[in-house]
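Q: Could you walk me through how to read this model? I'd like to go one feature at a time.

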Amino acid sequence: MKTLNKALFTGLSLVAAATLVGCGGSEAKKAQAPFVEINKDPYPSTYKALPSVATLITNANVYDGIGGFFENTSVLLADGKIKAIGNSIKAADDVKVVDGKGKWITPGIIDVHSHLGVYATPDTGSHSDGNEMVKPVTAAVWAEHSILVQDPGFRRALAGGVTSMQILPGSGNLIGGRGVTVKNLPNRVIQDMKFPDAPYGLKMACGENPKRVYGKKGGPMTRMGNVAGYRQAWADAENYQRSWDKYKADYEAGKDAKAPKRDLNLDTLAGVLRGDILVHMHCYRADDMGTMIDVMKEFNYQIASFQHAVESYKIADKLAENNICSAMWADWWGFKMEAYDGIRENIPMVANAKACAIVHSDSDQGIQRLNQEAAKALSDGQRAGIDFSKADAWTWLTANPAKSLGIFEQTGSIEVGKNADVVMWSSEPFSTYSQAEMVFIDGGVAFDRNKPETWAVSDYELGQVAEGDHK
């Protein structure tokens, strides 16, 4: 009986196998391996807003950051947002009222070019983490992986009314790596500071810096060498993107597709070509900027901003046509040859051409008084007959920076529904004597000048003479 059962089982198995061969061909179809997809945000923001209470600032002067000016106006902050703006807002019993009579309200300042944390204070060689100058293209590096969150510069910038900033790698390389946009609320780790859902930036540099760094290290050593380096990098990124697109198409067609080998440099560059990552390019001369616009068009990506851009006034019309912002100093110029033809009227001339003008710092000192930098640019323009209002000039510090960073839907203006990133100034904020008295980030009080006991102090300042700048 056992022998019969075994023979019967064997026969049934052969019939089943024959049936499978007849239906499916010479061999069973292989199951596809799991689809490989690159995580575009492997280090997500863990930012949490400060605790806050509903706050009504009353009877203040308001620059709304998009060109508007309102007198005797109240602003209601609640649940982390700007809830109401007007002169007849009634405060509920549970709303904290701040008397803004004689004060000025603005959106928080946004600095699009900072190196806080990657060139941290104390200024020592061990804290120099901003330039990976080992090869001309280092798109694989991310500034956030160098940021020392204990840098006292964050607190100093907060006292100057800065609520958000972009922290960039340095400018030694053709392509220096990713920048990151942060809320200016120092925390224990950088992910706790990252602006939620803000696009990454890519720092690039043209002109003197890359050729100076690499001229005796295998190149590039000329401007034409620089451009060849960018073009090769973008061509490689196009090929890389095509290989991933083919893999996806083949996989969706049911083929036994194999994922391409990952390349961290090309991941970032392909992100730019897809429109996910914004290019911010260190560039001084007008002809260099014109060349980079040509390269941008050749490879079909967008430059969000030229940084420093001391000759933007020469091509302001082209910048407007191509939707490229210029992040500029008020009066730094002449410290190297490509900075020689800078003029003090640069910012207002760019704005007058309907291009996107931004005041930036690139300095742990300048970031503390960007309102004064904007004031200098405004007055230089007025002396040259370019008569912007102060309300228009405030866009150079808030709305335009937010647009260039891809965060204008969230911040950069005093509008209902925007994040409550707001500064109350002691007096007219273009004045040298004006100080940020209160700084709100997402509605929470991040800085109160009248309560020095609440000022955050970096570990490096503990026990020092200048601890928290409270002497």
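Q: How do helix 4 and helix 5 pack, and how far apart are their axes?
A: Two packed helices are described by the angle between their axes and by the distance between those axes. In this predicted model, helix 4 (residues 223–252) meets helix 5 (residues 264–274) at an angle of about 85°, and their axes are 9 Å apart. Angles of 65 to 115 degrees count as roughly perpendicular, so helix 4 and helix 5 are roughly perpendicular to each other.

Q: Which residues in helix 4 and helix 5 meet?
A: From helix 4 you get Ala233, Trp234, Asp236, Ala237, Glu238, Tyr240 and Gln241. Their partners in helix 5 are Leu266, Asp267, Leu269, Ala270, Val272, Leu273 and Arg274. Sort the residues of this contact by type and you find nine nonpolar, one polar and four charged.

Q: Next, helix 9: how many residues does helix 9 have, and how far does it reach?
A: Check the reach against the length expected at 1.5 Å a residue. Helix 9 (residues 370–383) has 14 residues and spans 20 Å from its first C-alpha to its last, close to the expected 20 Å.

Q: Which residues of helix 9 are buried, and what covers them?
A: For burial, look for relative accessible area under 20%. In helix 9 the buried ones are Leu370, Asn371, Glu373, Ala374, Ala375, Ala377, Leu378, Asp380 and Gly381. Their cover includes strand 6 (109–114), strand 7 (162–167), helix 8 (346–352), strand 13 (357–359), helix 10 (390–394) and strand 14 (422–425). Just past the end of helix 9, have a look at glycine 385, which takes a positive phi of about 90°.

Q: What about glycine 201: is it buried or exposed?
A: Use the same cut-off, under 20% for buried. Glycine 201 has 2% relative accessibility, so it counts as buried. You'll find glycine 201 in strand 9 (residues 201–205). Skipping neighbours within four places in sequence, glycine 201 is in contact with Gln166, Gly177, Arg178, Gly179, Ile277, Leu278 and His280.

Q: And if I zoom out, what does the secondary structure of the protein chain come to?
A: Count up the pieces and you have eleven helices and 16 strands. Of the 471 residues in the chain, 52% count as buried. The C-alpha atoms fill a box of roughly 105 × 65 × 45 Å along the principal axes.

Q: What does the UniProt annotation say about residues 277–441?
A: The unreviewed UniProt entry labels them "domain: Amidohydrolase-related". Over residues 277–441 the chain is 32% helix and 18% strand, with the end C-alpha atoms 25 Å apart.

Note on methods
Residues are numbered from 1 along each chain as its sequence is written. This is a predicted model: local features need pLDDT of at least 70, side-chain atom pairs count only at pLDDT 80 or more; totals for chains, interfaces and linings use all residues. Side-chain values use heavy atoms; hydrogens and water are left out. Helices (H or I, at least four residues) and strands (E, at least two) are DSSP runs, numbered from the N terminus. The expected span of a helix is 1.5 Å times one less than its number of residues. Buried means under 20% relative accessible area, exposed over 50%, partly exposed in between (1.4 Å probe, protein chains only). Contact means heavy atoms within 4.5 Å. UniProt positions are given in the numbering used here, feature names are shortened, and annotations may be inferred rather than shown by experiment. Axes are lines fitted to C-alpha atoms, for helices over the stretch in contact, and angles run from 0 to 180 degrees between N-to-C directions. Angles under 35 degrees count as roughly parallel, over 145 as roughly antiparallel, 65 to 115 as roughly perpendicular and the rest as oblique. Ala, Val, Leu, Ile, Met, Phe, Trp, Tyr, Cys and Pro count as nonpolar, Asp, Glu, Lys and Arg as charged, and the others, Gly among them, as polar.
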